Amino acid sequence: MVDEERVILMTRMAAFATREGRKDSKINEYFRSDYVGFEVVKSAISATIAFGVLFVVYLISDFEGLIGDFYNASFLDLGKTVLFFYLVTVVGYCFISYIVFSHRYARMRKRMKKYYKGLRKLRKMYERD
Amino acid sequence: MTTLLDLKQTIQTYYIKYEFYISLGWKFLLALVSLMTINSKLGYQGVLMSPLIVLMCSLLCAILPATFLVVMDALFVLAHLWALSREAAIVGFLIFILMFLLYYRFAPADAPAVIVTPLCFAMGFPYVMPLGLGLLGTPASVVTVVFGTVIHYYLKFISDNVATFREAAADEAAADTIARLQSVIDGAFGNNTMIAIAAVFAVTLVIVYVIRRLPVDHCHDIAIGVGSITLMIGMLIASASYNADVSAPGVIIGTILAALLLKGLEFFTFNLDYSRVENVQFEDDDYYYYVKAVPKVSVPTPERRVKQINRANLTSSEDSSSPVDGNTRRVVYERRVRPSSDNFAAGKKRRRTDLEKSLGSDGTSREADKSVAAPQRRRQAPTGRARNPYAAPSKARNAATRPGTQRTPQGRTTARASSGVRTAEAPRRAQTANRPGTNLGTGSTDEKI
């Protein structure tokens with residue numbers, strides 16, 4: 001005999017598991033610090049590549065000026081300026097990533113707690129039968 | 001309003017029924033329109049101009065996730081640019097790389113907006129994007145609008161300078177690659193009009209988003225109004241400052257039309273629960289379950305009013321014709337039928353006569369009896385077998401029974417609604433909240449579990 005209440009509960013849980021649950025279960029494999037740290041590292045890599053692209057664009061757009069000042073320019077000052085902008089870009093992007101992914105992890109934990117609560121309820125139903 | 005609500009119910013019904021096909025259809029249409037627009041605007045790669053190729057690619061986009069739409073469009077654009085000029089293709093590739101690297105890590109769900117923004121520009125109706133994304137999106141949608149604007153102006157720059165690119169390609173041996181790259185980069189990133197319009201769009205989007213999140217009545221209307229005014233002023237200033245090719249009447253009329261369009265969109269988006277049918281399968285020790293959970297479609301009921309029968313038996317604080325819910329109706333009924341102890345015999349017949357007069361003699365009174373009995377049955381339900389362990393948690397249920405509260409399409413409950421439509425729906429939600437399976441599959445499974 002099919003237990004209607006149990007089917008309803010299982011349907012809800014299955015619906016969650018097939019949608020948000022897929023991503024959430026992957027995120028849930030990590031501790032918060034590991035997950036956020038890993039995402040921040042990936043963001044740092046992305047920001048580095050993006051900064052490299054922008055720097056190349058800048059070099060090309062101001063190519064003649066750079067060649068003209070090649071012998072007069074101080075490479076130390078240029079390096080400091082480039083490093084400053086690089087750090088600003090990467091740190092800013094990583095900070096945004098930290099906030100976004102921390103918030104995302106917190107929301108995932110809320111959903112997973114509800115899911116586990118449903119699992120416990122389901123187990124009690126089976127034990128009662 | 002009733003007609004609109006009926007239309008809303010009809011759309012909801014059809015969306016629930018044909019959600020899979022509708023999803024395929026809009027992705028196919030968006031891909032088809034965007035690829036055809038790219039071909040008409042650029043059209044330098046002869047192979048991609050074939051309708052069969054466009055059709056096949058659109059079908060592929062319909063099947064694959066929405067993010068693939070952007071990838072397909074980017075590939076088409078780069079192929080056309082490569083056929084015209086390698087430098088243009090390289091700069092285009094850099095723009096797309098920046099977009100994917102910086103933005104799509106956070107919000108890949110906004111992918112269609114990147115395509116729709118240049119399409120709206122091409123149709124001469126771009127003002128709907130900052131208002132629409134501010135109303136429906138997140139602050140991260142600023143980046144979507146900015147990248148959409150950059151892509152539009154870059155493609156416009158390319159199509160405006162086709163002759164120059166072709167001459168440079170014909171005289172490739174003598175041409176300087178660095179110089180050509182510089183000219184393309186200057187055209188792509190040094191366009192002050194593009195920067196000004198992107199900034200105006202970004203500011204408008206943020207303003208609309210901030211206002212629509214405020215806990216005030218009619219915040220969506222206020223957000224649309226303030227956003228429209230901001231957009232008009234900003235566009236006119238940008239046009240005057242940088243000689244942008246936008247006309248003042250065009251800006252004003254376009255913004256007003258966009259605001260009206262978004263008013264309609266707001267009705268269907270924030271009042272309509274686009275729930276989805278759930279097709280799930282699972283198993284236990286005894287059975288395999290193949291379950292199709294169909295969300296219930298509820299029809300909004302008109303606001304009920306109870307007419308006062310005997311003013312002498314009621315307190316002065318009760319309004320003679322006030323909207324009430326089921327519980328209030330029961331209280332009024334009990335006051336009428338329960339006589340006081342001193343004049344029970346004399347008052348019994350008279351009160352029954354008064355009651356029959358006010359409620360009607362036949363059908364009306366039976367309906368009234370049902371409506372009176374219904375709250376009692378609901379109140380008794382938790383003590384018996386029918387107690388529903390899957391009803392919404394107490395906080396959500398309490399919020400659902402408060403007049404003026406509203407469930408958002410994401411399943412959250414907000415206490416912002418104050419219009420007549422929402423308050424009319426509140427008692428209905430209160431009645432359906434305790435029925436088993438009422439909330440099943442309403443697109444808010446994350447909250448219910």
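Helices here are DSSP runs of at least four residues, strands are runs of at least two, and both are numbered from the N terminus. By that count, chain A of this predicted model has 5 helices and 0 strands. Reading along its sequence gives the pattern α-α-α-α-α. Of the 129 residues in chain A, 19% are buried. As for its contacts between residues at least 6 apart in sequence, 96% join residues at least 24 apart.

Now for the place where the chains meet. Chain A puts 28 residues into the contact and chain B puts in 29. Helix 1 of chain A gives the most, with 12 residues.

Over in chain B, have a look at a pair of helices. Helix 6 (residues 111–122) and helix 7 (residues 128–136) of chain B have axes that come within 10 Å and cross at roughly 150°. Angles over 145 degrees count as roughly antiparallel, so helix 6 and helix 7 of chain B are roughly antiparallel to each other. From helix 6 of chain B, the contact uses B:Ala113, B:Val116, B:Thr117 and B:Cys120, while helix 7 of chain B brings B:Val128, B:Met129 and B:Leu133. Those contact residues divide into 6 nonpolar, 1 polar and no charged.

Why is helix 7 of chain B largely enclosed by the rest of the structure? Because 8 of its 9 residues are buried. The buried ones are B:Val128, B:Met129, B:Pro130, B:Leu131, B:Gly132, B:Leu133, B:Gly134 and B:Leu135.

Finally, a word on confidence. The predictor gives the complex an ipTM of 0.74 and a pTM of 0.63. Chain B has a mean pLDDT of 70, and 62% of its residues reach 70 or more.

| Stretch of chain B | pLDDT | Contacts in the model |
|---|---|---|
| residues 316–353 | below 50 | 38 contacts beyond near neighbours in sequence |
| residues 358–449 | under 50 | 137 contacts beyond four places in sequence |

Where pLDDT is low, the predicted coordinates should not be read in detail.

Technical notes
Residues are numbered from 1 along each chain as its sequence is written. Chains are lettered from A and ligands numbered from 1 in the order in which they are written. This is a predicted model: local features need pLDDT of at least 70, side-chain atom pairs count only at pLDDT 80 or more; totals for chains, interfaces and linings use all residues. Axes are lines fitted to C-alpha atoms, for helices over the stretch in contact, and angles run from 0 to 180 degrees between N-to-C directions. Angles under 35 degrees count as roughly parallel, over 145 as roughly antiparallel, 65 to 115 as roughly perpendicular and the rest as oblique. Two residues are in contact if their C-beta atoms, placed from the backbone, lie within 7 Å. Ala, Val, Leu, Ile, Met, Phe, Trp, Tyr, Cys and Pro count as nonpolar, Asp, Glu, Lys and Arg as charged, and the others, Gly among them, as polar. A residue is buried if 20 or more other C-beta atoms lie within 10 Å of its own, exposed if 12 or fewer, and partly exposed in between; C-beta atoms are placed from the backbone. pLDDT is the predictor's confidence in each residue, from 0 to 100.
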